[in-house]
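Subject: Structure handover

Hello,

The structure you asked about is below. My notes on what was found in it follow.

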Amino acid sequence: MSVNEWANQVIKQSQIDKYLINGKDFINEKEISEKLKLCKNNDKNYIRNIIEKSKSIETLTPDEVASLLNVTDNDLWEEMYEAGAEIKRKVYDNRIVFFAPLYCSNLCVNGCKYCGFRTNNKEEKRRILNMDEIKKETEFVVDEGHKRMIVVYGEHPLSDIDYMCESIKAVYDVKKKSPNGNGYGNIRRVNVNAAPMSTEDLVKLKNVGIGTYQVFQETYNRNIYKELHPFGPKSDYRWRLYALHRAMDAGIDDLAIGALFGLYDWKFEVMGLIYHALDLEKQFGIGPHTISFPRLMPASGTSFFSDTKYLVNNDEFKKLVTVLRLAVPYTGLIITARESPEVRDEVINVGCTQIDASTRIGVGGYSENNGKQYKEKQQFMLGDTRSLDEMIKILAKKDTITSFCTAGYRCGRTGDKIMGLLKGCVEGKFCKLNAVLTFKEYLEDYASPETKIVGEKVIQKEIDEISNLPFFKEHGLYNKLMDYYNKISKGERDVYL
Ligand code: SAM
Ligand code: SF4
């Protein structure tokens, strides 16, 4: 080892060890397995008390989460599905938030056995977008009507922190007239899914104005992790485990955790996610903004999908999302287009708050394929290829309002502030107004005639409801809303409360 390598190792270690509590990591496999073995109680009253605790928007303890995961009574599961929907309504009302992923590069030095981007996959054509290409991709996404994007990178020296910052700036630079000429669109919030970084690099990421920083642990089981990430920087389990702790220290307080379901026992991974959320809350007073639960999909150049014994079926998937909803009632839940339309339509109901649509996950997949998916260019196979307009219409028919609101983070309502608002169920009221405004913008600029008709009905219903709620009248918010709403009708854009 050279002196430089040694020095880097020491710095890296110090950026991990400072987060230990009593010398221990927050994940203890033995403790999790024991809880899953011991917390088995199908007494209806006991489980119902836990459900009631969630409904009062309280975080559950690991013992309570394990008890829910072990429920075998189908009637109790039905009660839990209903509770999930109720909690979602209470905290997030009838809103759903949309985003689009943008894959900037599939160059990667790691060897994750399940991913098409791994370095030793000879089938993958490698590509990194330049800034003009990133702008072209962004224009396509903006033309769909999106306002939020998550940029995704493989781990490689060519897509280092400077490339990331430059590409995020390129996304923010795009401002484009809507295809119908009524208004204009731009990406107002860029979230990032990228490999764990040092605190210094995370500060650079913060300074470029990102929304959420997202890292999935993939699996919380150390042995499985070691087996599936045999080499490269990603083989360091603990460097990844504390990636979001470092982000907090770098001043990024909008964080997203996740596990890739299908690598190990799904109940264990749910427990891992909960311990992760609890530790962030314990150490920084702020839990994760969102939790993701991607399910393993077949990927190019690997038979991993057919070989693993841990694939999660649809029934188990719905259960795990429900338990997450109940365990951390104030945390956003993201369900991606990896899932089929049928699964998404069903699972959204038990408490998801964010979804993607019009998704392309090939590098250059939006602007260069005329909107078609090219199988050979994907990281894995997508399940749901429905367009944003189609999804919005389907959800509007169920009285769900699509929110493109990005005001929260631009007004500084992030981290502990947003958590406080969410926990007090105030954010639900506040965002209701911005959902109306941003949805109106979408309907004016991007909606198909049919979506516009159903969408306008949802907006009218929302406005009627707002006009009847004393909270909005008392604070002068109803009048302000209508003022902004009329401004949008006359062509003004990006007005928010
Ligand atoms: N390279 C970065 C990393 O690994 O953290 C970020 C980009 S990586 C493309 C984003 C996520 O894709 C991974 O964290 C993993 O959970 C997910 N992923 C990889 N292979 C997958 C597969 N076959 N099916 C579903 N999701 C997959
Ligand atoms: Fe690279 Fe991320 Fe894919 Fe692993 S999951 S091979 S680190 S892109």
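Two strands count as paired if DSSP finds at least two bridges between them. With that in mind, please note that this is a predicted model.

Strand E9 (residues 332-335) is joined to strand E10 (residues 354-356) by 2 bridges, and the two run parallel. Between E9 and E10 the chain passes through helix H15 (residues 341-348), giving a β-α-β crossover that is right-handed.

E9 also pairs with strand E8 (residues 290-292): 3 bridges join them, again in a parallel arrangement. Here serine 292 faces isoleucine 334 of E9.

On the side chains: in a regular strand they alternate between the two faces of the sheet. In E9, Gly332 and Ile334 point one way, while Leu333 and Ile335 point the other way. All of these residues are buried.

For the whole protein:

- There are 22 helices and 11 strands.
- The radius of gyration is 22 Å, close to the 23 Å given by the globule rule for 497 residues, so the protein is as compact as a globular protein of that length.
- The C-alpha trace spans about 65 × 60 × 40 Å along the principal axes.
- Of the 497 residues, 48% are buried.
- Among contacts with a separation of 6 or more, 78% are between residues 24 or more positions apart.

Regards

How values were computed. Residues numbered from 1 in each chain as written. Chains lettered and ligands numbered in written order. Predicted model: local features only at pLDDT ≥ 70, side-chain atom pairs only at ≥ 80, totals over all residues. Buried ≥ 20, exposed ≤ 12 C-beta atoms within 10 Å, placed from the backbone. Helix = DSSP H or I, 4+ residues; strand = E, 2+ residues; numbered from the N terminus. Right-handed = clockwise from strand over helix to strand, strands pointing away. Rg over C-alpha atoms; globule rule 2.2 N^0.38 Å. Contact = placed C-beta atoms within 7 Å.
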